[in-house]
Amino acid sequence: MKIFSCQSCGNVLYFENRSCGRCGHKLGYDPDRDTLVALKSDRPGFRTVERSGRRFFCSNASQDACNWLLLEGQDDGFCLACRHNGTVPDLSIPSNLIGWRELEAAKHSLFYSLLRWRLPLRTRAEDSRHGLVFNFLADTPAAKVMTGHENGVVTIALAEADEIERERRRVEMGEPYRTLLGHFRHEVGHHYWDLLVRDGGELAGCRLLFGDETLDYQAALERHYRQGPPSDWRDRFVSGYASVHPWEDFAETWAHYLHIIDTLEMAGNFGIRVAPAVGASEGMAARIDFDPYAIIDFDRVVASWLPFVFAMNSVNRAIGSKDLYPFVLAPPVIEKLRFVHRLVRRRKGDPVAEGYAA
């Protein structure tokens, strides 16, 4: 994620801002231009302060759940992110509306990355077999909703938007990290395994690193919850859950790749440089002066990420908080991340990414 500024007054903005706190202009995110635009009312829509042409907000803006603009020339309907929504909870229930807004904020952050990489984003209407659709479901007295993915259908449990409930589940499952954005990134990883690996001619290379995905998934899942991860999982997997099955290993690795790239972009936008006051090892220094969404050389990503996250974990500990990134990237995990990097770069059309080395 990058930082944004108001086109009218130059005020620094968050991606989620609906209005500028300095000049008061209404703001809308334009995915075509990857920028927050300052708007002036011009009923029935808006005009930007720098360009002519009337613009309109996504229909979900009326519920304060979206700040994205429709494409130019479109005056009704859903934005590039919200057009992938399938089912939403009953929004007449106030707690559902609050939780759904939290889910939408995470989903829009996900779509920022997917659009930056120009990854395939077909809706269910465009591809009835494997279009991407999100169902946000609330628990009922008869059944609890399970977050998951199946053939392009991503289900997110509304209960995960409750911070207390999410923390309870994190502790119960022994996880070091559990966030809404993490769920979205993980589940969409399954979707892109289908598109980029299975249907993209990458099965052989994927199996070399992640293992044979034809292993019985349900049996592997039951074994994991009965016995836990193998004692040496940290030497081979990015998380304990990644050890369940090759599908979960890929989805977890995909999610962590998005964590790393998006966080490094933000750090670079702030000009963050890591230069420890002690220690002579050059491996602990980093200058994030590149665009993580465009770089081909994955070694440079790793060389910047490890010092940066060590520094940020140290800062968090200084204030008594948990580590920002409570994971260790063993060499086999880095190679799996490199595989994901190559998949994404190849999809974007980088000829250098055709070979295995990033």
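Biologist: Are Y257 and F298 buried or exposed?

Modeller: In this predicted model, both Y257 and F298 are buried.

Biologist: How many aromatic pairs does the structure hold?

Modeller: There are 25 aromatic pairs in the structure. One of them joins Y29 and W68, a tilted pair with 4.9 Å from centre to centre and 50 degrees between the planes. This pair links distant parts of the chain, 39 residues apart: Y29 belongs to strand β3 (residues 26-30), and W68 to the loop between β6 (54-55) and α1 (94-116).

Biologist: Why does Y29 count as buried?

Modeller: A residue is called buried when its relative accessible area is under 20%. Y29 counts as buried because its relative accessibility is 3%. W68 is buried as well, with a relative accessible area of 0%.

Biologist: What is the geometry of the pair formed by Y257 and F298?

Modeller: Y257 and F298 form a tilted pair, with 6.3 Å centre to centre and 40 degrees between the planes. Y257 lies in helix α6 (residues 246-269) and F298 in helix α7 (residues 298-318), so the pair ties together parts that are 41 residues apart in sequence.

Biologist: Which residues form one aromatic cluster?

Modeller: The cluster consists of F4, F15, Y29, W68, Y112, W117, Y257, Y293 and F298.

Biologist: Which residue lies over the face of F57?

Modeller: That residue is K26, at 5.2 Å from the ring centre.

Biologist: Where does H190 lie?

Modeller: H190 is part of helix α3 (residues 180-198). With 13% relative accessibility, H190 counts as buried. Apart from neighbours within four places in sequence, H190 is in contact with H149, W247, E248 and A251.

Definitions and conventions:
Residues are numbered from 1 along each chain as its sequence is written. This is a predicted model: local features need pLDDT of at least 70, side-chain atom pairs count only at pLDDT 80 or more; totals for chains, interfaces and linings use all residues. Side-chain values use heavy atoms; hydrogens and water are left out. Helices (H or I, at least four residues) and strands (E, at least two) are DSSP runs, numbered from the N terminus. Buried means under 20% relative accessible area, exposed over 50%, partly exposed in between (1.4 Å probe, protein chains only). Contact means heavy atoms within 4.5 Å. Rings of Phe, Tyr and Trp (its six-membered ring) pair if their centres lie within 6.5 Å; planes under 30 degrees apart count as stacked, over 60 as edge-to-face and the rest as tilted. A charge sits over a ring if NZ of Lys or CZ of Arg is within 6 Å of the ring centre and within 35 degrees of the ring normal.
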